[in-house]
Amino acid sequence: MTMTASAIRCPVVRGRQSAARSTVASVTGAVPGSTGLAAAHDGEPQLKIARSSAEPFVGREEARAELQSALAAARAGHPQVVIVEGQAGIGKTTLVQRFLDDHRDVHLQRANGEQWEALVPFGVADQLFRTVGQAGTSVYAARDNVLPVEEPVSVGSRLLMLWGEFEDDEPVITVLDDAQWADLDSLRAILFAIRRVVAERVLVLLVVRSEDMQRIPDGFRRLGDGPSGRIVELEPLDVTEVQALTEGLGVKALPPSVVRLLQEHTEGNPLYIRAILEETPEGDWSTWKSALPAPAAFRRQVHRRLEACPLPGRQLVEAAAVLGLHTTLATAAAVAGVSESLTALDWALRSSLLAAVGSGDGVVGIEFPHPLIRAAVRQQLSP
Ligand SMILES: Nc1ncnc2c1ncn2[C@@H]1O[C@H](COP(=O)(O)OP(=O)(O)OP(=O)(O)O)[C@@H](O)[C@H]1O
Ligand SMILES: [Mg+2]
């Protein structure tokens with residue numbers, strides 16, 4: 001939900017954290033994970049980070065322990081559901097992959113939600129069946145034989161049977177990554193199956209972007225919160241972990257003050273940290289303190305939004321970027337020279353380039369939902 005200037009007049013002001021999260025998500029939403037960022041590197045100057053044969057992996061000890069203990073419970077005949085959630089690029093897929101790499105003595109069944117396939121009925125269920133060697137055609141065939149309302153039930157029953165067949169020798173791990181883009185029919189089918197397991201040795205891992213949690217049926221969250229479930233929330237990397245990541249990527253020891261800045265600037269997001277390190281020539285580290293850059297792919301997203309924003313809104317955003325991460329509407333409007341400040345703010349809020357943080361005493365505070373948005377706007381102003 002985007003906050004509008006009229007909402008400020010009301011005044012209804014959201015908590016800072018949630019405003020920031022959803023707005024950044026909408027900017028990063030079009031940056032499809034690390035692959036998209038990597039593709040955006042083409043033709044741009046970048047530091048060749050020494051890639052060791054093993055990619056660095058830092059932190060996440062607690063999350064790994066949670067997954068480990070869920071698998072142990074599943075092995076003992078207590079079926080488990082784990083929801084791994086966190087913002088885009090925070091490391092959900094990487095965590096799950098590391099966990100799976102450590103546990104090869106299982107039947108692995110996996111599927112990925114895909115933004116463009118979110119409306120394909122049973123697209124995800126089809127993937128799940130195919131990864132264990134069962135053609136998805138019978139899933140679709142089943143659709144001809146039952147009433148539409150029963151479809152998730154029949155597909156869910158099939159999944160249940162499959163788990164029953166496989167778990168005899170080894171436990172089953174069913175992974176659904178990017179579940180926020182899974183089609184609803186598949187989600188219902190999976191939910192139907194999970195709710196009926198009794199003593200099957202099954203661990204279901206649902207990987208979801210926190211900003212899109214509302215796309216997942218409530219039943220999953222209830223299971224995650226229940227006695228046979230867990231919700232593993234991935235937090236930003238802390239300064240020590242960012243330090244370890246930069247070293248793991250082969251970047252010569254950065255001064256602690258730069259590491260701290262990098263952590264704040266990226267809000268501890270490994271995807272952004274990697275992209276910035278890869279794109280910035282080593283000689284530029286020392287000049288970073290004044291203005292850290294935004295990753296190129298992120299920058300392009302912000303620039304597109306800026307260009308689509310009507311002029312007063314754009315001027316307001318640019319003035320705010322010069323002033324800092326936080327300022328007041330009155331100050332930014334004065335610097336931008338815009339007279340209709342609330343209209344300009346409305347445009348900026350709709351573009352998710354600014355967030356309103358308070359309207360106490362008649363003073364409207366504004367801020368960038370993420371430091372990288374400000375960095376991208378500043379880079380646009382003085383490339
Ligand atoms: N713990 C970690 N240590 C080091 N690098 C990491 C870690 N977690 C993630 N990364 C790196 O960060 C990048 C993004 O990670 P990943 O793709 O797992 O994020 P994600 O949360 O799955 O994002 P999305 O929501 O877009 O799917 C990858 O390049 C990955 O190598
Ligand atoms: Mg992922």
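Tutor: Start with a cut-off: a residue is called buried when its relative accessible area is under 20%. Keep in mind that this model is predicted.

Student: Why is Arg60 called buried?

Tutor: Arg60 has a relative accessible area of 12%. The cut-off is under 20%, so Arg60 counts as buried. Arg60 lies in the loop between α3 (33-40) and α4 (61-75).

Student: How do you know whether Ser352 is buried or exposed?

Tutor: The relative accessible area of Ser352 is 8%. Buried means under 20%, therefore Ser352 is buried. Ser352 sits in the loop between α17 (341-350) and β7 (355-358), and has a positive phi of about 60° without being a glycine.

Student: Which residues have the most contacts inside the largest nonpolar core?

Tutor: They are Leu316 and Leu354, in a core of 44 residues. Among the helices that each supply at least two residues of this core are α11 (239-248), α15 (311-323) and α18 (371-381).

Student: What does Leu354 touch?

Tutor: Leaving out residues up to four places away in sequence, the residues touched by Leu354 include Leu316, Val317, Ala320, Ile366 and Phe368. Contact here requires heavy atoms within 4.5 Å.

Student: How many residues does the second core have?

Tutor: The second core is separate and has 31 residues, including Val155, Trp163, Leu176 and Phe220.

Definitions and conventions
Residues are numbered from 1 along each chain as its sequence is written. Chains are lettered from A and ligands numbered from 1 in the order in which they are written. This is a predicted model: local features need pLDDT of at least 70, side-chain atom pairs count only at pLDDT 80 or more; totals for chains, interfaces and linings use all residues. Side-chain values use heavy atoms; hydrogens and water are left out. Helices (H or I, at least four residues) and strands (E, at least two) are DSSP runs, numbered from the N terminus. Buried means under 20% relative accessible area, exposed over 50%, partly exposed in between (1.4 Å probe, protein chains only). A nonpolar core is a set of buried Ala, Val, Leu, Ile, Met, Phe, Trp, Tyr and Cys residues joined through side-chain atoms within 4.5 Å.
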